[in-house]
Amino acid sequence: MTERTSIHGQWSNRIMFILAATGSAVGLGNIWKFPYITGENGGGAFVMVYLGCIAIVGVPIMMAEIMIGRRGRQSPINTMRSLARDEKTGSAWVLLGWGGVLAGFFILSYYSVIAGWALSYVFRSAVGVFNGVTADGAHSIFSGLVSDPERLLAWHTLFMVMCMVVVARGVRHGLEKAVRILMPALFVLLLVLLGYAYNTGAFQQGLDFLFTPDYTKVFYNCDFLNGVENCTFDGGPMLIAMGHAFFTLSLGMGAIMVYGSYMPKHNSITGAAMMIALLDTAVALIAGMAIFPVVFANGLEPGSGPGLIFQTLPIAFGAMQGGQIFGTIFFVLLVFAAWTSGISLIEPAVAWLVENKSMTRVRAAIWVGMSVWLLGLGSVFSFNVWSGEEFQLFGNTFFDLLDYLTANIMLPLGGLLIAVFAGWYVSRNSSVDEFNMGDGFIYKIWRLVIRYITPVAVVIVFLNAIGVIDWLLSKNLLW
Ligand code: PFF
């Protein structure tokens, strides 16, 4: 096969690819979502299942996505079309690219609304709104924001414009420059916050919550009825842990694939995938270790949902020396983490428009950005005018539904199909050639895992979530 080149350009070097992909991976998922879903799903056991998913499902699929992207060197839709043709297999694989574009639209539409919260907190923090704030005060500041559709809309609009501007200017100049400075800075700040949490007096309690596994919490829902413990099976938390592994690593929708398509030829895919997964996991765990002690020290509820960090961190900032500056910087960095992820969510669609509709990047970014913005109105209203029961489906708002649908269904399904394509349809010769590490031990392990272990693990978690495994067990049909 003749070597393809990307019309969109290429990262300057190996480190830039790692930083850009880490920029995509590290985002609201790590600092906003991971702590609150861990809080809602019982803590330690959930974290263990999540870490298992990163290792068994996340890293192999990340390697597969980068490999496919670099071989195709186009937007995920055209990459899938070209590779399916190269491998002489069905053209239906192109649907995987389309599914990814749709998932990117859905995710960014609500992601941008949350990033808007972070933007607004930059300004609140800077003017000293959090100085000396109590838990109740932080709670009412947060509810004041989300119950006002106009303010949410303004911040959502600003964040979308920020994403459009960078994508329009080409990923290389805007993004490369930003991630080089911002990612290490975010890391340092998290460590400082961790230092603060260490001194809250509830550090141990926070660690216990994060790292002591009580597996009944992942598999069972237990209540005490008249003093008798009554447990029912619940596979939901396992699906949420797996879904989050996909979400946090930006897998299953072509973001890493499109970044892989800009990766220089001879860079190691395995090394990069491991590094990205490691950095992403480290940021999530440090965020958890920084946040839960503050939650416990202030007698707050770890399972309080999407508002968790916006109601806990301000208390810490309000109480600490220099908290006004420090809090401002923290929210600025949270915005930048979200920004470098937001860009990767629309890059697949923008690259496709440039390739297929001969649009300039500027036009493509405007079209995609405006569509996502429009869809985002549903999430803006989910917190206020559409928060009533008449606008809910099974007790979930539009925002909840989009979040559940993308993270727990679309990304794992996309990832499963990527694993099947890379393991079963991309020939051994092609993948050995693209990984460029020979047909040795590491390659053999990857191939074994991506063909058998990853797909089976994803399917089991799905079946578990809809209760099939429990039903088979209750009928003694499994063993
Ligand atoms: N990985 C990002 C986060 O953890 O915030 C979110 C994300 C970005 C998901 C890009 C999917 C994606 F393609």
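1. Basis of the values. This is a predicted model, in which local features need pLDDT of at least 70 and side-chain atom pairs count only at pLDDT 80 or more, while totals for chains, interfaces and linings use all residues. Residues are numbered from 1 along each chain as its sequence is written, and side-chain values use heavy atoms, with hydrogens and water left out.

2. Salt bridge count. A salt bridge is taken here as a side-chain nitrogen of Lys or Arg within 4 Å of a carboxyl oxygen of Asp or Glu, and by this rule the count comes to 11 salt bridges.

3. Lys33 and Asp403. These two residues form a salt bridge whose closest N and O atoms are 2.9 Å apart. Lys33 lies in helix α2 (residues 28–40) and Asp403 in helix α17 (residues 398–425), so the pair ties together parts that are 370 residues apart in sequence; helices (H or I, at least four residues) and strands (E, at least two) are DSSP runs, numbered from the N terminus. Lys33 counts as buried at 5% relative accessibility, and Asp403 counts as buried at 10%, where buried means under 20% relative accessible area, exposed over 50%, and partly exposed in between, with a 1.4 Å probe and protein chains only.

4. Glu434 and Lys265. Here the closest N and O atoms of the salt bridge are 3.6 Å apart. Because Glu434 lies in helix α18 (residues 428–435) and Lys265 in the loop between α12 (255–260) and α13 (269–297), the pair ties together parts that are 169 residues apart in sequence. Both Glu434 and Lys265 are buried, and both belong to a network of salt bridges that also links Glu3, Arg70, Arg71 and Asp433.

5. Asp439 and Arg428. This salt bridge has its closest N and O atoms 3.1 Å apart. Asp439 is in the loop between α18 and α19 (441–465), and Arg428 is in helix α18, 11 residues apart. Asp439 counts as partly exposed at 34% relative accessibility, and Arg428 likewise counts as partly exposed at 34%.

6. Nonpolar surface patch. Which residues form the nonpolar patch on the surface? They are Ile56, Trp424, Tyr425, Leu448, Tyr452 and Ile453, with about 580 Å² of accessible area together. Patches are made of residues with over 30% relative accessible area and no salt bridge, like charges being joined within 9 Å and nonpolar side chains (Val, Leu, Ile, Met, Phe, Trp, Tyr) within 5 Å; accessible areas come from the Shrake-Rupley method with a 1.4 Å probe, and for residues only the protein chains shown count as cover. Helices α17 and α19 each supply at least two residues of the patch, and α19 gives the most, with three residues. Ile56 lies in helix α3 (residues 44–72) and is partly exposed, with a relative accessible area of 40%.

7. Ligand site. Of the 15 residues around the ligand, Ala25, Gly29, Tyr111, Phe247 and Met253 come nearest, a residue being near a molecule or strand if one of its heavy atoms lies within 4 Å of it. An oxygen atom of the ligand is 3.0 Å from a polar backbone atom of Ala25, a backbone N or O atom of Leu28 lies 3.1 Å from a ligand oxygen atom, and a polar side-chain atom of Asn30 lies 3.4 Å from an oxygen atom of the ligand. The protein covers 100% of the 340 Å² of accessible area that the ligand has on its own.

8. Thr22 is in helix α1 (residues 14–25) and is buried, with a relative accessible area of 4%. A polar atom of the Thr22 side chain lies 2.6 Å from the backbone oxygen of Ile18. Not counting residues up to four places away in sequence, Thr22 touches Met183, Ile276 and Leu279, contact meaning heavy atoms within 4.5 Å. Thr270, found in helix α13, counts as buried at 9% relative accessibility and, with the exclusion of residues up to four places away in sequence, touches Met63, Met437 and Ile442.

9. Ser427. Is Ser427 buried or partly exposed? Ser427, which is found in the loop between α17 and α18, counts as partly exposed at 29% relative accessibility. Ser427 and Ser91 are 336 residues apart in sequence and 16 Å apart in space, C-alpha to C-alpha.

Note on methods:
A polar contact is a pair of N or O atoms within 3.5 Å; within protein, one must be able to donate a hydrogen and the other to accept it, and residues adjacent in sequence count only if both atoms are side-chain atoms.
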